[in-house]
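Colleague: Could you walk me through this one and tell me what the labels mean?

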Amino acid sequence: MSPMRVPEATEAADYYFTYIRQVPAGDVRVTLDSQAGTLLGVFKGISEEQSRHRYAPDKWTIRQVLSHINDTERLFVFRALWFARGFDTPLPSFDQDVAIASAGADARSWHSHVEEFDALRRASVAFFATLPVEAWDRHGTASGFPFSVRALAYMTAGHAEHHARILRERYLQG
């Protein structure tokens, strides 16, 4: 079954394998679903006050990190939807710094970011759970690079894991 096969080098640009390699072998749909509970546990353990923390003056606050995770999940899943449904128009790039500057992440409560992640992930899980088998192999172009729907699902899980690890190692230590 296609969702169980790890993406090959032709399914995403090299850079994105930073995220893909963080996903365990097996059905990525199961990973996305189980990861939701794990990450929600981490996020719910962070207080409103902690969520304002930056580990260095030029780094994002924890609120901004979760806002970025949420934005990127939306982006990857939108791209997966676009390609899975057979659209072939290339999609534009996404600049995370432009997005975070306009997000107003620090003006919102931490609780609202956590609720947003929960809702987004449930929607992502539902989307990937209902894809026809043949959709997983469909490809398209975004940011000038080729992507498969399968790679985008793996990137969704891997990107969230990547940033959760950074939160644990750099923001929540001590």
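This is a predicted model: local features need pLDDT of at least 70, side-chain atom pairs count only at pLDDT 80 or more; totals for chains, interfaces and linings use all residues.

Colleague: Why is Ser67 called buried?

Modeller: Buried means under 20% relative accessible area, exposed means over 50%, and partly exposed is in between (1.4 Å probe, protein chains only). Ser67 has 4%, so it counts as buried. Ser67 sits in helix H3; a helix here is a DSSP run of H or I with at least four residues, numbered from the N terminus.

Colleague: Which residues does Ser67 touch?

Modeller: Setting aside residues up to four places away in sequence, Ser67 touches Ile100, Ala103, Ala105 and His113. Contact means heavy atoms within 4.5 Å.

Colleague: What does Arg108 contact beyond its neighbours within four places in sequence?

Modeller: Arg63, His113 and Glu116. The side chain of Arg108 also makes a polar contact with the side chain of Ser112, at 3.2 Å.

Colleague: Why is that pair called a polar contact?

Modeller: A polar contact is a pair of N or O atoms within 3.5 Å; within protein, one must be able to donate a hydrogen and the other to accept it, and residues adjacent in sequence count only if both atoms are side-chain atoms. The Arg108 and Ser112 side chains are at 3.2 Å, so the pair passes the distance cut-off.

Colleague: Now the pockets. How big is the largest pocket?

Modeller: About 320 Å³. On a 1 Å grid over the protein atoms alone, a pocket is an open set of points where a 1.4 Å probe fits, with protein on both sides within 12 Å along at least five of seven lines. The volume is the space filled by probe spheres set on the points.

Colleague: What makes a residue part of its lining?

Modeller: Having an atom within 4 Å of a point. The largest pocket has 16 such residues, with Lys59, Trp60, Gln96, His163 and Ile166 nearest its centre. H6 supplies the largest share, 5 residues.

Colleague: And what volume does the second largest pocket have?

Modeller: About 190 Å³. Of its 13 lining residues, Tyr15, Tyr16, Tyr19, Phe94 and Gln96 are closest to the centre.

Key:
Residues are numbered from 1 along each chain as its sequence is written. Side-chain values use heavy atoms; hydrogens and water are left out. Helices (H or I, at least four residues) and strands (E, at least two) are DSSP runs, numbered from the N terminus.
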